[in-house]
Amino acid sequence: MARSEPDEVSAPGEMRVFWFLLLTMVVVVTVVTLAVVGGGGSAVLQDVPAERFTDPLPATRPVGRADVEALRLPMALRGYRMVDVDEALSRLGAELAERDARIAELESSLAGAQAAAVTTGTDLFKQPGDRPASEPFKQSGDRPASEPADRADGPARTEEDGR
């Protein structure tokens with residue numbers, strides 16, 4: 001009969017290493033667990049206060065594009081806090097409604113002024129001192145047609161002068 005090979009018997013040194021590693025792992029897990037949970041007299045990880053929304057939108061001037069781009073809302077457990085988002089959106093909505101009302105007011109006053117100008121025949125864009133639109137544009141130095149060419153207060157200009 002053939003002799004069967006004996007089962008491998010672990011050496012006593014290998015068992016010591018196994019128990020040492022097992023005990024070390026249990027100690028490390030226990031220490032980490034106590035540190036995270038806060039076992040002992042002082043808390044290692046302190047409770048962090050909830051992140052609160054501080055409104056960076058200006059209260060003293062209208063909201064601009066840079067203000068909206070700089071707006072950062074605090075995060076919550078699943079996304080953003082609805083209260084903070086609603087507050088920021090309602091503020092932006094109010095600003096836009098105010099601007100729309102102002103634009104509508106300015107457009108209606110412009111339309112009214114244009115209608116009045118059409119009925120009276122005045123030019124809305126005429127600055128004080130401007131020539132009327134019916135009078136042709138004159139270059140500086142040109143005399144009106146009613147003025148004689150040979151005035152006594154200065155030399156007469158001819159086309160040879162280049163003016």
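Ground rules: I'm on a predicted model, where local features need pLDDT of at least 70 and side-chain atom pairs pLDDT 80 or more, while totals for chains, interfaces and linings use all residues. Numbering runs from 1 along each chain as its sequence is written, and side-chain values use heavy atoms, leaving out hydrogens and water.

Fold next. I find three helices and two strands, in the order α-α-β-β-α (DSSP runs numbered from the N terminus: helices H or I of at least four residues, strands E of at least two). Buried residues are 8% of the 163 in the chain (buried is under 20% relative accessible area, exposed over 50%, partly exposed in between).

Then I looked up E95, in helix α3 (residues 82-120). E95 counts as buried because its relative accessible area is 14%. Beyond neighbours within four places in sequence, E95 is in contact with R61, P62 and V63 (contact: heavy atoms within 4.5 Å). I also noted the E95 side chain reaching the backbone nitrogen of V63 at 3.4 Å.

Last, V32, which sits in helix α1 (residues 12-37). At 49% relative accessibility, V32 is partly exposed.

How values were computed
Buried < 20%, exposed > 50% of the residue type's maximum accessible area, 1.4 Å probe, protein only. Polar contact = N/O pair within 3.5 Å; in protein donor to acceptor, adjacent residues only side chain to side chain.
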